[in-house]
Amino acid sequence: FALPEGTEIEQFETIAGLMELKLKFEPVGERVFMIGTAQDIGEFEQVLSGFISERSGIVNEFRFVKKLSGVDAETLKAYLLAKNIELSGVFDVSGGYLLIGSVDSLDGAQSIIEYLLDNQQVHFAYIDLPSTLTTEVLQAMVGDLLLEVSVAQITPTRYLLVGTGEDVENLKSVLSQAVTEDTQFLSYAVILVGAKLNEDLSRVYRYESPEENRTGLDDLRDSLMNLGLSVFLGRFDNRLVIVGQTEEVDIARELITDLNQTVGSTESSERVRIEDLPPVSGWSLEQITEFLEAAEIQLRSIIEYSGRLIGIGTQVGLENARAALSILAVDSKRESVRVEKSLVSDIQLQEIISKLSLEVDYIDLDRQWLLIGDPESLMIITRTIEEAAADKEISRYITDLTVNPQELADLLRESIEGITVQTFTDLQMLLIKSKSSALLDAAEEMVRDVQESRKAIDPLEKGVVVEGSTVRINVADQDLESLLR
């Protein structure tokens, strides 16, 4: 071979020695002959080819640098290329590397390698990922997660991760789980979660067997899986990363974003869940939302996905929504009304529906019944309940009286028609009854007004109590001269 300009035979002998190649170099005129085995000569020819730039014919230089633990020449070249440093050749030699390239590229490479050698926190790790994943997507995800990690693609499926030990190990762990869970790594999303949801995801639910312990993140993963979303969910401090097919990643992101907002805005200690709801044929998402709101069934959010209805809410809210929508799903022409529980009991509802042969279902909504059925049946049952309630007498007790109960009873009977009053003098209590809750409210208000007005009476009068022809005087803590004056 022709001796490249600016080089000497002694340099090639040094390089060959460092590469542990048994070669001898003999100058013959303007050329140099290599003597050795075919394999050794072949390896050294790769070094020679790096000295001449094919693009410009410029003669490159070479430089020796120290070895990075666990990183071979091929990996180092790929990593430097990811850092926009292109060398003509990188070769493993004894105790280090032989770098060949322009002066600028050699300076840049040497600077990076020396930094990695000096920085004890820098960590290297390899990971095999699906060929569908691109370096750009992976590096973008790393950036969105705010991780101090550089990524270099070594082969179509193997990557080198370089960065702080904790970030590299966390990223490798999450990526390894993502590709082993049959997830199609085509897209990703990163969500910044609020403190409340982050706390819920971190919470550990302990069982008798430690192997059965679960976290809030496990629950969220199960919820997404039960919805048919084949995505992987990983957590980095207050960030969640979702990996999978683009459509499924978008749906999962929307659900978790809604969950993040609703959990953060609620003061309830109840856990918020994501679950399937029965679809109602012919009903739009807006109509279903309006129906549940009218029924006072509280859900935080409802979305549609591939013909499925997904709700976000507490367990009670989701159970009530599922029950109501299941009834509507059988017959979407059904309507609903609410009835106060104070008007009718569970047993009475069953008797009315049975005796009148009505096509009506009902759901327990805490203080009300939600009745669902065809319009005619709903009209019949509500009218029946109202008529029954009209004949029903309501009772209330008024206690802690500070005035004479009998006189108070007489006052109520004279002032308010439609109520009956029973006195309990020794107990300082009244029992009032009426078919109208409004009349009972008026009676209670009158009692309050009377007792408040009596509080303003001269304290001296409170010491004298007249009962028929008897006058009782309470002299405790009283001015006797003032009382008898």
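Reader: What makes the meeting of the side chains of Asp107 and Arg63 a salt bridge?

Author: The model is a predicted one. In it, the N to O distance between the side chains of Asp107 and Arg63 is 2.8 Å. The cut-off is within 4 Å, for a side-chain nitrogen of Lys or Arg and a carboxyl oxygen of Asp or Glu, so the pair qualifies as a salt bridge. Asp107 belongs to helix α4 (residues 103–118) and Arg63 to strand β3 (residues 61–66), so parts 44 residues apart in sequence are tied together.

Reader: Why is Asp107 called partly exposed?

Author: Its relative accessibility is 38%. Buried requires under 20% and exposed over 50%, so Asp107 falls in between.

Reader: How do you know that Glu444 forms a salt bridge with Arg396?

Author: The closest N and O atoms of Glu444 and Arg396 are 3.1 Å apart, and the limit is within 4 Å; the pair therefore counts as a salt bridge. Glu444 lies in helix α15 (residues 437–455) and Arg396 in strand β20 (residues 394–398), so the link joins parts 48 residues apart in sequence. Arg396 and Glu444 also belong, with Asp441, to a network of salt bridges.

Reader: What makes β17 and β18 edge strands?

Author: The open antiparallel sheet has the strand order β17-β19-β18. β17 (335–340) and β18 (360–365) each have a single partner strand, so one side of each lacks a neighbour in the sheet.

Reader: How do you know that β17 pairs with β19?

Author: Six bridges join β17 to β19, and pairing needs at least two, so the two strands count as paired. Among the bridge partners are Arg338 and Leu370, the latter in β19.

Key. Residues are numbered from 1 along each chain as its sequence is written. This is a predicted model: local features need pLDDT of at least 70, side-chain atom pairs count only at pLDDT 80 or more; totals for chains, interfaces and linings use all residues. Side-chain values use heavy atoms; hydrogens and water are left out. Helices (H or I, at least four residues) and strands (E, at least two) are DSSP runs, numbered from the N terminus. Buried means under 20% relative accessible area, exposed over 50%, partly exposed in between (1.4 Å probe, protein chains only).
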